[in-house]
Amino acid sequence: MADVNELSLNINRKTDILNRETDTLSSNNTGPTIEEESTEDDQDRAQKEQEEKLRKETELGKYWKTVDDNPMDFTGWTYLLQYVEQESDPADCRRAYEAFFSHYPYCYGYWKKYSDMEKKHGNPEKAKEVFEKGLRGIPLSVELWLHYINFFITEFSSDNNSKDRIKKLYERALSAAGLEFRSDKLWDSYIAWENMNGNLKAVTGIYERLIRTPTQLYSHHWDNYKRHINSHHPKEILDIDTFLKLRSEILNKSSNYHIDDEDEVGLDEALQVGDSMELDAPPGMLATMGDEKEVKKVRVKYIESRETIFKQNEAEVSKRWTFEENIRRPYFHVKPLERGQLKNWREYLDEEISQGNHTRIVILFERCMIACALYEDFWMKYAKYLEQHSLDGVRSVYQRACDIHLPKKPYIHLAWAAFEERQDNYPLARKILMNIENNVPGLAMVCMRRISLERRSKNHEAAEDLFQSYLEKAVSNKTKTFFSIKYARYLQKVIGDTERARKVLNDALQMDNANEKVFLQLLDVEYQSQPIVEDRVMETFSRLLKSDVSLDFKVKVSQRRMEFLEDFGTCIQKISEAYDEHQKLVKEANAKKKRPDKEIIVEEPPDKKVKIDVCGPVSIPPAPVDHNMPPLPPVGPPPPDPHYGYAPWPSAAYGAPMPNAYPGYPYPAYPSGYNYYGY
């Protein structure tokens, strides 16, 4: 018993020791509790989410930077859209799609993707808004209309009056795109929907419009229409007035007996001449037989009445078939079109215009604009046509071209500004020119058009401000020379301020003392002043001859100085001195052009020498005459110089523009068929 008690005491003693050690370890342990571990996990998760968000923002920012730097980079836009679709963030998707469509609204496939994205995120109303916006941008897209209609049927068919709403949607689609030559799928879809609802008369009405519309599958539609007529009773597919009218015509024709009409003779025999057995037939039998005969004749009569319409439509299709067959890319793409495709579109438009159907002409232009949206001559052709019909339509065409598709094409902007100016809409014309100047700075043609607009609107203060602004912003001497000459002409010819014109040109000469064009303009200013001040003109001549211009130009100017003195000079001594100086310049120029005394003789090959010897003696040419002999002393008026005589001044009249006067600033050639204003 004692041993047991001792064993129990030892166990208790060891248990106490273990408990004390456990307490000691617990008191020394600094590890986190469960709550602390959960907090740390949340922090790690939040940090990872923040890092992932920053990574995505960085990648997205790079894609955005690409398209911001170059909005015309179509491939860059496609990469951006692919990225936002993968990340599936609705806000980023909306922002990217909206920005993309501000530049490329004719990409109907991306409108479908945009709508699908909204539908995927449970926003059917927003998806509907996307379709509506897309169809405002490209109303001729048959594919986009079909996608919209199918979406509407799927999402809203359970709503009240859904059939009426769907029918209105179909009618909107046909009104917008039904005249498109390749709109057959849209017509077929409408017919199938009405057939599904059992509206046979509505189907007939659709076919009635369709057989009058030139489309690619016109023959297919005609066959389907005849099948529709032959598959149903006329009173089920025709309105009551049409049915009764046809039936009346059939009955009237049947009452007039024609011996050669075998069918009608048989019908008469069945109804009137039959024997007693036939008269005892079951009730309604004869009437049924007559009804079938009558129905057949009504069908034939109706189809015959529509045969003429079909033939007329077939003729319209044949006029367009070759052009339609040559269209290889009816959709929009940034890749250039082949020359043959552009030629086909131009000829197709001309042919349609010659037909004179305004609605079809507009439809074809709109189709052409989808495929040729990046070619400004087609937009100009469209606007020119619409000027005869709708000024608002013209403005809409220019606005779409300049604000969306061709923001950096100068000619279309100049044409639009000219159109608005003709309508006395000067504020909008100014805005248009400012936009193209901001998009493509440094175009002399745009700068001068802005100045000319202010001049024509009698806003001379604004015109001078523009001149001075362009002179201050000039980045090269050629640019400054160009605007200095234009400004001087404006000041003298328009404002009548000759003194300021001189100052502008003298300032330009201080910058470039060897600029021939500025000297010529300065001479023109002095020539045009009233009255002519001889001393000023002679001072300009002297300054020019002492400048660093070419020797040939000095000779021409010297000749011009002699002409001036002969016409306006008051002192014969000045004329003589001018002649002497002119002769010195001529000699100097001739000496510079004189050939070397010993010309290099190219040795002929031996075979040619042999041929010459065989042919006989060689005639020796006479010694060359020296045409550079000094001229004889003048007697009376100076004689015409053989090289620098009194030839006409380089232009038809002094001061007129010289050929290639401003090689650094040529006005680009306008498209063939259009004048300075784009028409």
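Predicted model: local features only at pLDDT ≥ 70, side-chain atom pairs only at ≥ 80, totals over all residues.
For the protein as a whole, the average pLDDT is 80, and 74% of the residues score at least 70. Residues 283-289 also have a pLDDT below 50, and this stretch has 3 contacts in the model beyond near neighbours in sequence.

Next, select helix 21, which covers residues 410-422. From its first C-alpha to its last, this helix of 13 residues reaches 18 Å, close to the 18 Å expected at 1.5 Å a residue. Because 12 of its 13 residues are buried, helix 21 is largely enclosed by the rest of the structure; among the buried residues are Tyr-411, His-413, Trp-416, Phe-419 and Glu-420. To see what they pack against, display helix 19 (376-386), helix 20 (391-405), helix 22 (426-439) and helix 23 (444-456). Then move on to Asp-424, which follows helix 21 and has a positive phi, near 60 degrees.

From there, go to His-582, which has its place in helix 30 (residues 572-593). His-582 is buried, with a relative accessible area of 1%, and its side chain is joined to that of Ser-558 by a polar contact of 3.0 Å.

Finish at Ser-354 in helix 17 (residues 339-355). Is Ser-354 buried or exposed? With a relative accessible area of 51%, Ser-354 is exposed, since the cut-off for that term is over 50%, and its side chain reaches the backbone oxygen of Glu-351 at 2.5 Å.

Notes: Residues numbered from 1 in each chain as written. Heavy atoms only, no water. pLDDT = per-residue confidence, 0-100. Contact = heavy atoms within 4.5 Å. Helix = DSSP H or I, 4+ residues; strand = E, 2+ residues; numbered from the N terminus. Buried < 20%, exposed > 50% of the residue type's maximum accessible area, 1.4 Å probe, protein only. Polar contact = N/O pair within 3.5 Å; in protein donor to acceptor, adjacent residues only side chain to side chain. Expected span 1.5 Å × (residues − 1).
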